[in-house]
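User: I'd like to go through this protein step by step. Please keep it plain and tell me what the terms mean as we go.

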Amino acid sequence: MPSTGRLGAAPAVDDLSPDERLSVEELRARQLDRLQWTLRHSYESVPYFHRKFDDAGVNPDDCKEPNDAKKDVNRTREKRAL
């Protein structure tokens with residue numbers, strides 16, 4: 001029996017799309033792929049972001065995990081403080 005909550009009954013597993021059935025590891029991998037694509041696309045397509053990445057000493061390929069994006073932001077802030 002599907003669980004019910006304030007939003008109603010949860011859908012049956014068979015009614016979920018393939019994306020909604022991903023394991024946590026698969027979901028994280030997909031999110032990282034999309035983040036890397038977005039960073040690379042921004043760097044290659046938008047002169048403003050290309051300049052910002054270069055000024056920060058960051059390359060989109062440096063992002064190997066989602067937390068790397070946070071580190072790059074902090075590195076940019078540290079450079080601005082100098």
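Analyst: Accessible area is worked out with the Shrake-Rupley method and a 1.4 Å probe, and for residues only the protein chains shown count as cover. This is a predicted model, where local features need pLDDT of at least 70, side-chain atom pairs count only at pLDDT 80 or more, and totals for chains, interfaces and linings use all residues. Residues are numbered from 1 along each chain as its sequence is written, and side-chain values use heavy atoms, leaving out hydrogens and water.

User: How do helix 1 and helix 2 sit against each other: roughly parallel or roughly perpendicular?

Analyst: Helix 1 (residues 24-45) packs on helix 2 at an angle of about 105°, their axes lying 5 Å apart; axes are lines fitted to C-alpha atoms, for helices over the stretch in contact, and angles run from 0 to 180 degrees between N-to-C directions. Under 35 degrees is roughly parallel, over 145 roughly antiparallel, 65 to 115 roughly perpendicular, and the rest oblique. That's why helix 1 and helix 2 are roughly perpendicular.

User: Which residues of helix 2 make that contact?

Analyst: Contact means heavy atoms within 4.5 Å. Helix 1 brings Leu-39, Ser-42, Tyr-43 and Ser-45 to it. The partners from helix 2 are Pro-47, Phe-49, His-50, Phe-53 and Asp-54.

User: How many residues apart in sequence are the parts that Arg-30 and Asp-19 tie together?

Analyst: These two form a salt bridge, with their closest N and O atoms 2.4 Å apart; the term means a side-chain nitrogen of Lys or Arg within 4 Å of a carboxyl oxygen of Asp or Glu. Arg-30 is in helix 1 and Asp-19 in the loop between strand 2 (8-9) and helix 1, so the pair joins parts separated in sequence by 11 residues.

User: Is Gln-36 buried or partly exposed?

Analyst: Buried means under 20% relative accessible area, exposed over 50%, and partly exposed in between (1.4 Å probe, protein chains only). Gln-36 lies in helix 1 and, leaving aside neighbours within four places in sequence, touches Cys-63 and Lys-64. Because its relative accessibility is 17%, Gln-36 counts as buried.

User: And Val-58, buried or exposed?

Analyst: Val-58 lies in the loop between helix 2 and helix 3. Its relative accessible area is 8%, so Val-58 is buried.

User: Which residues make the nonpolar surface patch?

Analyst: Patches use residues with over 30% relative accessible area and no salt bridge, joining like charges within 9 Å and nonpolar side chains (Val, Leu, Ile, Met, Phe, Trp, Tyr) within 5 Å. One member, Phe-49, sits in helix 2 (residues 47-56) and is partly exposed at 38% relative accessibility. The patch covers about 260 Å² and is made by Val-46, Tyr-48 and Phe-49.

Terms used. Helices (H or I, at least four residues) and strands (E, at least two) are DSSP runs, numbered from the N terminus.
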